[in-house]
Structures are given as structure tokens and as C-alpha cells.
Amino acid sequence: MIKFRLEERAKSPYWLIILSPFIAILVAIILAGILVVLAGANPFESYYQLIIGAFGSKNSFAETLARATPIILTGLAASIAFRAKFWNIGAEGQLYFGALATTLFGTGLVILPSILMIPFLFIMGALAGGLLLLPLVLLKLYYKVDEVVTTLLLNFVVVLLVSYLLEGPWKDPMSLGWPQGKSVIDEGVLPQILSKTRLHLGFIISIFFAFSVWFILSKTVIGYRIKSVGLNAAAASHAGVPIFKTVFIVALLSGGMAGMAGVTETAGLKGYLTLDLSPGFGYAGIAVAMLANLNPIGVIFSGVFLASIYVGADAMSRAMNVPTYLADVIVALTVLCILLSLVFVHYKILFFGVKKND
Amino acid sequence: MIEFIEIIFTAGFWAATIRIACPLILATIGEVLCERAGVLNLGIEGIMSIGAMVGWMTVFLGADLYTGILAALIIGGLFGLLHAIFTVYLGASQHVTGIGITMLASSLGFFCFKLILPASTTPPKIKPFQPIDIPFLSELPFLGPAFFQHTPFTYLAILVVIFAFWLMNSTPLGLSIKMAGENPMALEAQGIDVFLVRTIAVVLGSALMAVGGAYLTLSAFDAFYFGMINGRGWIAIALVIFASWKPERALLGALLFAGLDAYQVRAQQLAGAVIPYQFFLMLPFLLSIVAMVIAAKRTRYPKALLIPFRRGERH
């Protein structure tokens with residue numbers, strides 16, 4: 001049996017760090033290409049259609065950026081939490097909570113001029129997302145209740161709550177039986193930034209937050225504390241890092257980012273809350289964060305990449321008759337390939353000896 | 001009010017409890033196997049989903065029901081192997097690998113389903129396992145219809161659970177698995193390959209999860225649809241923690257949980273007009289969170305859970 005051992009690299013070569021995400025994407029695309037062949041389509045033509053579908057025209061390019069908007073925000077949510085080794089898998093629920101806050105405050109309860117209304121909705125959405133995550137953080141800190149499971153389970157609860165509200169008290173009477181919320185008032189709607197497309201101000205806002213998060217994580221004491229808690233919480237505590245306060249901030253920041261993704265979708269893309277507001281943007285955020293190696297600026301690019309896969313796959317599916325689920329397969333494969341590349345970046349694999357009968 | 005108590009005294013309630021418990025029991029025992037060896041398997045939700053799809057599709061394409069179970073078993077084992085290569089041999093993050101496996105297994109399942117059945121608006125059906133009457137026992141009043149008129153898959157699931165208990169508690173492999181999760185260094189010192197033991201546990205555990213998924217499409221229902229696992233995998237993970245990683249407690253927990261679920265469905269029919277159905281559907285998820293909080297104080301994780309084992313490195 002061949003034995004091998006992983007040896008930690010003292011210093012990972014730069015070219016490897018830079019190249020590894022691209023290699024991971026390439027491998028994921030090649031592997032998914034096998035599925036395209038199985039589907040009886042030409043993989044080169046299919047991927048060509050995918051690229052055209054995502055970037056081929058002003059409209060499709062705008063659509064890709066519009067799709068990237070919530071994914072960048074949920075990607076930031078995952079990046080912040082994962083840096084502190086706080087496994088927030090609940091961005092989906094936090095997104096919907098942000099959307100609920102947008103509907104609660106944005107459909108007539110509060111009326112402000114646009115310049116105040118839009119920031120107000122973002123603050124409310126962020127608070128809603130952060131407050132949803134907070135009790136789970138407290139459970140983790142005080143009772144050591146595993147956050148992976150609680151955040152995941154709460155996603156289902158929130159979606160059911162949205163379903164109840166949309167079919168019951170919050171149902172728009174004008175919506176002809178279809179369960180959807182009331183429309184966000186004009187002052188709260190995020191303006192279009194490219195005429196005759198669905199691209200809205202939310203995209204600029206998400207990029208602004210990517211830079212803000214980058215600044216917080218790499219230029220402030222809070223960012224340093226978050227990183228040290230993630231590396232070794234016990235050591236950080238000894239060194240005087242206030243663990244409680246740090247994790248508290250992580251929860252508000254992470255949940256807040258995901259909550260704001262709900263704002264961009266409700267006040268930007270659709271204009272009202274629906275039950276299919278997010279086709280898994282919360283989970284996509286995990287992939288985006290991993291692809292960007294938890295770097296907030298990288299999240300912008302990996303977010304646009306993932307969005308282009310989703311948007312392009314729709315067009316490819318129509319043209320080539322390959323199921324759209326190919327997009328989800330590519331994203332999943334990318335996550336796994338990134339993990340693989342991280343192993344190779346940080347470790348050398350040493351094979352030693354071929355032993356008989358172990 | 002008396003109707004709400006009467007529910008518990010109907011055979012239908014107990015039969016439903018067993019039916020709901022089966023996939024949960026299989027998945028929970030599967031996760032116990034993985035975690036006792038020191039590997040968290042968040043791939044569970046996706047592995048159940050692809051198990052449900054592959055089991056169903058095998059039967060839909062003409063094979064018999066038992067071949068369907070076998071197909072689910074194999075696909076589950078394969079995804080378990082993938083998980084083991086990443087987390088055991090390469091020491092990658094167990095959290096992220098698990099999420100990745102869930103994404104891959106479920107999307108791959110959906111992709112293949114759409115590929116084989118591109119234009120199915122109503123999900124096609126198969127003839128699933130039919131209930132069989134256990135001679136004599138099934139004729140008992142109350143107990144008969146409650147416990148002895150189930151499908152063969154149900155009895156098979158119970159046999160599997162007994163096998164898992166035997167494996168964990170009475171075999172050298174079971175002991176090795178438990179040691180791999182508690183003190184892998186000591187296991188290695190005895191000349192046993194920690195990697196191999198962990199891999200076996202993850203492959204077996206994942207196979208059980210997939211069979212749990214297949215129970216849904218081959219016995220509980222007769223069709224496959226997207227999102228049919230609906231968080232059952234995550235609930236199983238909560239149950240493992242609730243059960244303090246003990247298979248017998250996991251069995252009890254899954255039964256208790258299924259009982260509450262069966263109860264809420266019946267209570268919903270009585271109170272449906274008053275309380276919206278969404279609140280009943282929330283109950284399993286909220287209960288799981290509550291169960292975890294209750295269990296948290298006495299929780300004792302396997303010591304080496306989440307810690308990759310590396311040869312020549314000391315922890």
C-alpha cells in the first residue's frame with residue numbers, strides 16, 4: 001500500500017496561491033463537461049453558449065451583475081463568519097429576514113425621502129439579519145450549542161414564516177391569488193443604474209460593502225481580533241482579545257450582510273417579497289467565500305463568476321437542452337476543487353515507501 | 001380537548017411514527033458512525049437526496065425494489081468515500097467538505113433526474129414496497145396494525161439498526177471506530193491504520209444515509225421530487241448531538257421525534273382552521289434546536305471530532 005504524508009509548507013509559493021482558484025475552476029468546468037457529454041451535447045459549444053448567455057449582450061451582462069448583487073453580500077457574510085471559524089450556514093434565513101424587514105418598513109409604514117429611505121431600509125435589513133443570528137451566537141457562547149446545525153435548521157423556520165406571512169396577513173390583495181408581499185414604496189425602490197435592464201443600485205452598494213468589510217478585516221483592531229479568534233480562540237483569549245465582544249460583532253456583521261442581500265432583492269430586483277426570492281443565494285455565498293479564500297475583494301469577483309454560471313446556464317439550457325442544474329453542479333465542484341487546491345497550497349504531499357501488508 | 005389525547009391511542013399514529021422514524025433512524029445511525037470515528041459528515045442532506053433519487057430511478061428503469069436499495073447503498077458509499085478522501089486523507093475542512101458534498105450530491109441527483117425525465121410535469125410513480133402482514137402478530141388488536149403491518153423495507157431498516165449496534169458494540173471494528181474518534185494516536189500505536197478505520201466508518205455511515213433517503217421514495221412515498229429531504233439530514237445531525245453520540249439513544253431520539261411529528265400532523269387536522277399549517281411544519285426544526293439546547297449541558301463530543309489525523313504529528 002502506498003503511504004503518503006502531508007507536510008506543511010513553511011511558505012507557500014506566491015504563484016500557487018494566485019493560480020490555485022483558477023486551476024480549481026478549470027478542473028470543476030472540465031469535470032462538469034463530462035456531464036454535458038453525457039447529456040448528449042457538445043461541451044465546447046455548451047460552454048460557449050454559457051459565456052454568451054452571461055456576458056454576450058448588454059442585457060445579459062447586466063443580468064449577471066444583478067444576480068451577483070445578493071451573492072456578493074452573502075459571500076461577505078460567509079467570509080466574515082468563517083474567518084472567525086463561526087460556521088454561519090444560515091445566510092439563506094438571514095436573507096429572508098432582511099427581506100421581511102424591507103417589507104415591514106418599506107411598504108408604507110415609514111415614508112422618507114429616497115435619500116434617507118434607502119439607507120434606512122438597508123439598516124433595518126442588516127439589523128434583522130444580525131438579530132436572527134444573534135441568539136444562535138449566544139447559544140453557542142453560553143451553552144456550546146453547535147451553530148452549524150442551528151443556523152441550518154433556522155433557515156427552514158424562516159422560509160415557513162415567510163410562507164405564512166405571504167399567504168396570510170402580509171398578502172398583497174392586488175396580487176391575484178399569487179402569494180407575494182405588498183410593493184415597496186417608490187422612495188424605497190433601488191433605482192436602475194443601466195437603462196432597460198434589471199441592474200440596480202444594489203450592485204454598487206454590495207461593492208461598497210465589500211470594500212468596507214475589507215477595510216474592517218484588514219485595517220482595524222476588530223478585524224485582527226476576528227482573525228485571531230478564528231486561528232486559536234484560547235490563545236486569543238489569553239492574549240486579551242475579548243472573545244464575547246468579537247463573536248458578537250461577527251454575528252452582527254455576518255448576519256447583517258446576509259440581511260442586506262434580502263434588501264437588494266426585495267427593494268431592488270423584484271420590488272416586493274416573494275417566496276422564491278432566493279434560489280439558494282445563502283448557500284451560494286459559502287461557495288463564493290471559499291473561492292475568494294475569504295477575501296472580501298475577492299468575493300466581488302467570485303460573486304460575479306458564480307452569477308455568470310447561474311445566468312449563463314439558463315441560456316445554455318435553452319439552447320443545448322442540458323438541464324440547468326449543471327450550474328449547481330459546477331458550483332459544488334468548484335467548492336470541492338478549491339478545498340483540494342487549498343490542501344496543495346499549504347501542504348506538500350510526500351510519498352514514502354511501498355509497504356506490503358499493512 | 002379529549003380528541004388531542006385520543007390521537008395517541010390510535011394504531012394509525014403509531015404506524016405513522018414508525019414510518020416517519022425509519023429514514024431518520026437510518027440517517028442518524030449513519031451520522032453516529034461517521035462522528036464516532038471523528039468525522040463530521042455534513043454531506044448527509046445531499047447524500048439522502050441522491051440516495052432517494054438513485055433508489056427510485058433504479059426501480060423506475062425496471063429493476064426490482066431491493067436492487068433499488070442496493071443502488072442507493074452504493075451511491076451513498078461512493079459519496080462517503082469522496083468525503084473520506086477529502087477529510088481523512090487530505091485533512092480538508094470537514095465543515096466545508098460536507099457542505100460541498102451536500103451541494104454536489106443533490107445537484108447531481110437533480111441533474112440526472114432531469115436528464116432522464118426531461119419533461120415530467122407530474123412526478124412519475126413507481127409501485128413501492130407494500131405492507132406485509134407478519135403472521136399471527138398482525139392480527140393482534142391495536143399492536144397488529146401499529147407495528148406488524150409495515151413494508152419489508154421497514155423491517156429491513158430495523159435489521160440494519162441491530163447490525164449497526166452489533167458492529168459498534170461487539171466487534172473489533174466498532175472498537176477501532178470509537179478509538180479513531182477518541183484517541184487516534186493510541187489506535188495508530190496499536191498498528192491499526194487510522195485513515196482506513198475512519199474511511200470505513202464514513203463509507204458505511206454515508207451508505208446508511210442514502211438508504212434512509214431511498215426509504216422515502218421506495219417505501220414511504222412512490223415518487224421522487226426536488227426538496228423531498230426537506231432538512232431531514234440536518235435534523236438527523238441535531239439528533240446525533242441530542243443522543244450524545246450513542247446509537248441506542250439516537251434510536252430513541254428518532255422515535256420520539258417521529259412520534260411528535262406524527263402527532264403534529266394529526267393535531268393539525270384537528271386545529272387546522274385555527275393555527276396556520278406553517279407553524280406545524282416549523283415544529284420539527286424548532287424542536288431540533290430545543291433538543292440541542294437541552295442536550296448541550298451534558299454533551300460530550302468525541303474528542304477527536306473535526307481534528308484531522310496526520311501521521312508523524314502530535315496533537
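How much space lies in the largest cavity? In this predicted model, the answer is about 60 Å³. The structure holds two cavities of 30 Å³ or more, and each is worth a look in turn.

Sorted by class, the residues around the largest cavity comprise five nonpolar and three charged, with no polar ones.

The second largest cavity has a volume of about 30 Å³. Its lining consists of A:G90, A:Q94, A:L132, A:L133, A:L136, A:T151, A:L154 and A:N155. Two helices of chain A, α5 (114–143) and α6 (147–167), each contribute at least two of the lining residues. Here the classes are four nonpolar and four polar, and no charged residue takes part.

Attention now turns to a helix pair in chain B. Helix α7 (residues 152–170) and helix α8 (residues 172–182) of chain B have axes that come within 5 Å and cross at roughly 70°, so α7(B) is roughly perpendicular to α8(B). On the α7(B) side, the contact is made by B:L167, B:M168, B:N169 and B:S170, while α8(B) brings in B:P172, B:L173, B:G174, B:L175, B:I177 and B:K178. By class, the residues of this contact between α7(B) and α8(B) are six nonpolar, three polar and one charged.

Terms used:
Residues are numbered from 1 along each chain as its sequence is written. Chains are lettered from A and ligands numbered from 1 in the order in which they are written. This is a predicted model: local features need pLDDT of at least 70, side-chain atom pairs count only at pLDDT 80 or more; totals for chains, interfaces and linings use all residues. Side-chain values use heavy atoms; hydrogens and water are left out. Axes are lines fitted to C-alpha atoms, for helices over the stretch in contact, and angles run from 0 to 180 degrees between N-to-C directions. Helices (H or I, at least four residues) and strands (E, at least two) are DSSP runs, numbered from the N terminus. Angles under 35 degrees count as roughly parallel, over 145 as roughly antiparallel, 65 to 115 as roughly perpendicular and the rest as oblique. Contact means heavy atoms within 4.5 Å. Ala, Val, Leu, Ile, Met, Phe, Trp, Tyr, Cys and Pro count as nonpolar, Asp, Glu, Lys and Arg as charged, and the others, Gly among them, as polar. On a 1 Å grid over the protein atoms alone, a cavity is a set of points where a 1.4 Å probe fits but cannot get out, and a pocket is an open set with protein on both sides within 12 Å along at least five of seven lines; lining residues have an atom within 4 Å of a point. Grid points are joined across faces, edges and corners, and a volume is the space filled by probe spheres set on the points.
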